[in-house]
Amino acid sequence: MPDETARSSTGPRRRVVIMGAAGRDFHNFNTRFRNDPGCEVVAFTAAQIPGIEGRHYPPVLAGPLYPEGVPIEPEDDLERICRRSQVDTVVFAYSDVTHGHVMHAASRALAAGAGFTLLGPRDTMLDAAVPVIAVSAVRTGCGKSQTSRWIAQRLTQRGIRAAALRHPMPYGDLREQAVQRFASRDDLERAACTNEEREEFEPYIESGHIVYAGVDYRAILDRVQQEAEVIVWDGGNNDFPFVAPDLHVVLVDALRPDQLTTHHPGEAVLRMADVVVVGKTDAASAESVQDAIDGAQAVNPGATIVRARSPVTLDRPESVAGRRALVIEDGPTITHGGMPHGAGMAAALAAEVAEVVDPRPFASPSIRSSFEAHPHIGPVLPAVGYSREQLVDLERTINDTEADIVIAATPIDLAALVTTDKPIVRARYSYAEAGDPSLGAIVDGFLARLPRKARHADRRRARR
């Protein structure tokens, strides 16, 4: 595991570019390159998240080897950057992309004269002083966060102080986001969280849990393990954890059984799993469920397979029936997660709406750009809001869409963020067990081993 200490170096510094999306890339820099005098990271490149490029990773986070910080440039400029700075190595550091996408990036780097690499768990996973349950997935939208929250609640019910540690989403002022702790809605307001951040943090707060996130995960980990007996790592996209897990739970989607090994690093995550949860079994056919089980067992025969449901409920179903509805879905699930629609559409159909109104003819500029970038999206509205402009455009699109009512399946309280004369009815979805072996029994078994795990962690730290 990385110790983040400076490595000795002789000769000229190797020039590095890190391809990222404001998350894994910063963590890879912090753990592998920040204190390495033998390497110089000349730039990050940005993808997936709008508005990230054109900024700098600030000097206060980059460390003394980078008094000017590190520029964040568009990924489209990769070849130019490599040639301009005579780059030796390109590090690929973002997630939920096809294996082909990764190799196309490699080809671009090689054609520009650079090498190409991926950093793995040994380079980037941090060791915690307390036990860690990590939840990951093979694709965005499999149900990681609802599973993570369910695990946190189970720990709390058994008298264990649990805190969630969330995969990063630092879309604002990076200097202010080095270490973030969210325990109330006021904390979200003070941090000026985007819709995407709120979708992850707000449900924890509503259930009485603390959630940490930010940029510098060594500093974040030092904080969270001071107040938690067990950490629940809530992964982002289909990435592997930043913190070494004692129990690694990985979600696969029964609605997408053909995507277990198609995306990076989801296939690697599946191969790492201690427990594979086949989610959404209540929404998929028996054949698809079995395909997901068979596929997971073929890739990781040593993992325990668990079936789970993802029940969807409407707050006021009687207010929806027979009306023309605009369906708003969780943003990442249907953008880079690749789903045409999600729980909101399922709730609308179950409630027998008169019509699901397609929002695309009414989309404001930045929302229209999201539809253009993700043409697979069906007649639903992704709850994007990476900036104030996008949130304004989201509100305008909601108001302009010719519907009677809004079904909002985003985990946040959307009515608190937008002003509209259309009633907003929330569709909620959660984790539920679906037979034996159960995740609950596995977590309880994990808790029974906590004293031994804690002693093991103490010995591990002593060796370091």
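Visitor: What makes a residue nonpolar, charged or polar in the lining of the second largest pocket?

Guide: Asp, Glu, Lys and Arg count as charged, Ala, Val, Leu, Ile, Met, Phe, Trp, Tyr, Cys and Pro as nonpolar, and the others, Gly among them, as polar. By this rule, in the predicted model, the lining of the second largest pocket divides into 7 nonpolar, 11 polar and 3 charged residues.

Visitor: Which residues lie nearest the centre of the second largest pocket?

Guide: Of the 21 lining residues, Gln48, Thr335, His336, Ala373 and His374 lie nearest the centre. Two elements, β6 (97–98) and α14 (365–373), each give two or more residues to this lining, and the largest share, 4 residues, comes from α14. The space in the pocket is about 380 Å³.

Visitor: Why do β3 and β7 stand at the edges of the sheet?

Guide: The open sheet has 6 strands in the order β3-β4-β2-β1-β5-β7, with mixed pairing. β3 (56–57) and β7 (115–118) each have a single partner strand, so one side of each is left without a neighbour in the sheet.

Visitor: What makes β5 and β7 a pair?

Guide: Two strands pair if at least two bridges are found between them. Strand β5 (residues 89–92) and β7 have 4 bridges, in the parallel sense, and therefore meet this condition. Thr89 stands opposite Gly115 in β7.

Visitor: Which residues have the most contacts inside the largest nonpolar core?

Guide: In this core of 72 residues, they are Ile18, Phe29, Phe33, Tyr57, Val90 and Leu165. Strand β2 (residues 39–46) gives the most to the core, with 6 residues.

Definitions and conventions: Residues numbered from 1 in each chain as written. Predicted model: local features only at pLDDT ≥ 70, side-chain atom pairs only at ≥ 80, totals over all residues. Heavy atoms only, no water. 1 Å grid on protein atoms, 1.4 Å probe; cavity = no way out; pocket = protein on both sides within 12 Å on 5 of 7 lines; lining within 4 Å. Points joined across faces, edges and corners; volume = space filled by probe spheres on them. Core = buried A, V, L, I, M, F, W, Y, C linked by side-chain atoms within 4.5 Å. Buried < 20%, exposed > 50% of the residue type's maximum accessible area, 1.4 Å probe, protein only.
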